[in-house]
Amino acid sequence: MADASRRVCVVAGTVKYAEGLEELGEVREEIALVRSVFDDVGLEVVAEEVRLDPLANALRKAIDRAKLGEAGRPVPDILVLYYSGHGYPTTGGYRLATLGGAKGDPVTSVTAYDLADMVSDSGLKQVVVILDACYAGTARLDFQHYAQTIAVQRVKAPAVYLLTAASSVQPATPLVFAGALSSSLRNPGVPSNKRYLQLGDLCREINHRMGRGQTAEAYIPPEGTDWLRAFPNPRHSRLRPYDLPEAASDSGWAFCGRVRALGELVDHVTGAAHDGRAVNVTGNPGSGKTTLLAWLAAASAGRRLPTGQGADGVEVPPRCAVLVQAFGQTWESVLKEIGHELEVPYRDGPEAFFGALAKLPGVRGVLIDSVNRVGAFDSEDHATEGALREFTDRVLLPLSKLPSIRLAFSSEAPLGRLDLREMSLDAPEYFEPGDIELLARRILTTRRRTMHRGMTPQKLGSVAAAIRERSRGSFLWGHLFSIDLAGREPTKDEGTVQTSMTDAFDVELARLSHDDPQWAKALLTPLALALGAGMPSIPLWIDVIRRLSGREIDRAALDRLLRLAQEFVTEAMAEDGSTGWRLRREEYRQHLAPQEHAAMAHAAFTEALLDGLDSGGLRRHWSAADDYTRRNLAEHAQRAGMLDELLTDPDFLLRADPARLREALTLSGTRQARDTRDILDRLRRGEPGAEGDLSRLEFLCLAYDRPDMARGIAGRTRPWSSRWMDRRGADHVTAVASPTGDGGYVVIGTSDGEAYHGRIDQSGLRALHSDAAGSGPAQLSAMGIGLLEGRTVAAVGTWDGGLILHDLTTSERFPVEPQPFPDRIVACEVSRHGLLVASSHAWRRYASSDRGDLRVDTGGLLLASAATVVVSGACWTVACCSTGEVVAWGPDGRIRGAFTTPQQQALTLIAAHGEHVFTASNDGTVWRSDLAAANQTCVVEHGGRRVTSLKVVRTDEGTRLLTTGLDGFVRLTPCGPDAAREQTVEVDIGIGIWAADLEADGGLVVATDRGTARLTI
């Protein structure tokens, strides 16, 4: 059943055009076909007036009415727009012709970009645009462009999906796409527990039905959008954890014996015998943990599973217990499922949820299966130590303390850190060997087509005892041996049961097709290799079968397999809602997918998934990737030895599931994989799906000297681009600046304490201060650059108090003698007011030739930085101290005022604009204060990370405060008179920045540990 969302659709198409575009009579049939299927899957058809031959303006108005809703009706949540007609690419984007349309006529056509804009400006949550037209894949670029525009503007808009009937280079054959769309929506090849068809699944299904002559394409919005809920799965049915495949009709299976374990569990969950501890059901694989919990939950729900001797006498009160599955889930998804089962919605976090559970009337049992597999990615995985600890802390411990909850859970081994009572199904007190005999008797005498119905009781007992002996305490093995013998002719020596478990499994699969004994095995093998929740769709399943075995099979064959092999196949759901078919038992998977053949098999998966993204263009369309591809392609490729081939594709790196991709990169271990993991770790520190991801990825690839990875980004539309100027790293004692005069130079300081300079329009940098005598100068500690008496000058201060001036035009070098200070220089400011130099204990202003110098001792104050502030036309000097004080000296060198700022850590930098000063702190903030400290405001925050540079710059848009931080951000914050109405510009490069400056032509230069780069925004 679908949710309460209101889904509406506009179905329109054009038959008649102006001369030059042929009439499309088939559009009438396509409209009828699509309207019918939309109605069948629960979409309301609206805007009937534009069904056929709409004018462009009429189509716009109809879409506006559809998204706003009719009077007296709820506003729609989801809109689906289907349009069929002529379409063609132009230099201005893709266009759809409307009534009387002529090719290239803007009046009688609508652009794809306009369509995206029409449906976005609304209160809708999700929109799907379906274009059934020639070359419609071209529209994907328009939708991507629109999405980027929305991201930059940070406008709230619905998630807009696009599905096209053909690629950008293909014509669309009439009725082919509409027919495939209709069939795919009515009978989708996805598991029945999938609630909604996702666009990637739908696109793969449509292409499977259309064949190779025409390729539908999908555009799925960037990560972070909700799952698409436009198309409910008409075959959806919710599978309960107690729906066991082996309990299928006529299978002969039944829950037998285990009376003591059942009795104690019933007493525990009903509160009849509660000692304040949770029950931990343990045992080896195949010991029956899942079956025990499933039987109890099914009986509690009034849907008792087939029951044999012993257990048939156990009474279970109605609604006494619920069961949830932990395998592949997260702690939060398990709590949500518990809330669903107990009818206590999980809404406001765990604390509120546990409070609501505590108020439940009476006592309810909560059963959690396979807690040792929480967070597992596939059937091989077990929970990591961290995931299991988190699950214990967030789920098991709180539940075990609630007076209204009786907790029982299963795991292969007992869990620590909990006050619990272990119920080991391998222990003699809970395991009766005779219970396996009961199961064997039941299967041998009641299974469909069994050959043992007429067996004498004595012979039956002998065979059942042999099965029990051979099973070694495993109900799973006992089940397999029993169904194996049930299908054989009784023999004199069958009581020895020499068949191995894997042989029994093979024999049972061979029986599913007597004409082709390998048929079932070949078709089930892909399920043994599927990751996550399992095989997500019939088309992918068919493709992988063909690649692995060469068999050409169809949907009917898989439907038959699912019917015949239902004891071995189950449907699963991962914590994110993804679904799939997978083998019921890990033992089946290990048998069908031996390790020696795994690489070849995973290569088949990798190639099939990649083919689903290939439409014949130069680049794969990762925006069409379905959930399975995004989550699991990286691991398939890694197991196939093909991962490195994908790492130069930026769209793969940005679209793949971050956690799964990182795991695959770690397991791969190649140099390229290690570099990529480091790059993505830095990339992911920013906001997920951020608009600057492509720019940041390019920057980081170049930072790690991986031009092969950055090459795929060149020429792409992105917010900013980067070019590396120098590979020498910078540290916290260096700065980067550019002159305000000719704008032609850049000077950097390196982590080795050296300075280098060069022209912006030339490649390469030269050492700025080499010592002629060969005894290199002291390491630089501060640097400033600007115009000084008509010269473009760089002033370099050193750790030992030295000061050197460099004329960047002539390359002349002027050491200042005598040395200004005996200790480290903390600031060098070159401006129209002269040269200001400060050390930790004094500052000195070198004035122009017509005025004398001014040197001032601080009187014990320890300076961190200094700057010039102009007060009533006179130059004052302001400095910040690491102790948190700000001190102002007048033109005469006398202190005129001092104050503190609200910043929480040491002050490190200071700048001034007008009569305001800006102070930066290690707490990641920049505050603006007037000299009287009457008005103090926080103007910049760098996420709690140290602010590393601070300066006032002039741009074409006005005065800006340029700041950088170890959070990786460089920010240009308005600080002029109109600052409140202007927008801050910020760039996240992904790695910590030590300094930055704005060049005269608008280029942004940033210095990092990995070198210096120029950004073009």
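Tutor: In this predicted model, the accessible surface of the protein chain comes to about 41400 Å², and carbon and sulfur atoms account for 48% of that area. Of the 1017 residues in the chain, 57% are buried, and the C-alpha atoms fill a box of roughly 125 × 80 × 60 Å along the principal axes. The secondary structure amounts to 27 helices and 44 strands. Among contacts between residues at least 6 apart in sequence, 62% join residues that are at least 24 apart. As for charge, the chain carries 113 positive and 132 negative side chains, with the centres of the two sets lying 3 Å apart.

Turning to the cysteines, a search of the whole structure finds 0 disulfides. For cysteine 9 the reason is distance, because the closest cysteine sulfur, in cysteine 203, is 20 Å from its own sulfur, too far for a bond. Cysteine 9 is also buried, with a relative accessible area of 0%. Cysteine 880 is likewise in no disulfide, since the nearest cysteine sulfur, that of cysteine 881, is 7.0 Å away, whereas a disulfide here requires two cysteine sulfur atoms within 2.5 Å. Cysteine 880, too, is buried, with a relative accessible area of 0%.

Cysteine 203 leads us to the helix you asked about, for Cys203 is one of the buried residues of α6. Helix α6 covers residues 199-210, and its 12 residues reach 16 Å from the first C-alpha to the last, close to the 16 Å expected at 1.5 Å a residue. The helix is mostly covered, with 10 of its 12 residues buried. Besides Cys203, the buried set includes Leu199, Leu202, Ile206 and Met210, and also the charged side chains of Asp201, Arg204 and Glu205. Just after α6, glycine 211 takes a positive phi of about 80 degrees.

Glutamate 343, with a positive phi of about 60 degrees, lies in the loop between α9 (331-342) and α10 (350-358), and at 62% relative accessibility it counts as exposed. Arginine 449 also has a positive phi of about 60 degrees; this residue lies in the loop between α12 (433-446) and α13 (457-471) and is exposed, with a relative accessible area of 66%.

How values were computed: Residues are numbered from 1 along each chain as its sequence is written. This is a predicted model: local features need pLDDT of at least 70, side-chain atom pairs count only at pLDDT 80 or more; totals for chains, interfaces and linings use all residues. Side-chain values use heavy atoms; hydrogens and water are left out. Helices (H or I, at least four residues) and strands (E, at least two) are DSSP runs, numbered from the N terminus. Buried means under 20% relative accessible area, exposed over 50%, partly exposed in between (1.4 Å probe, protein chains only). Contact means heavy atoms within 4.5 Å. Accessible areas come from the Shrake-Rupley method with a 1.4 Å probe; for residues, only the protein chains shown count as cover. The place of a charge is taken as NZ of Lys, CZ of Arg, CG of Asp or CD of Glu. The expected span of a helix is 1.5 Å times one less than its number of residues.
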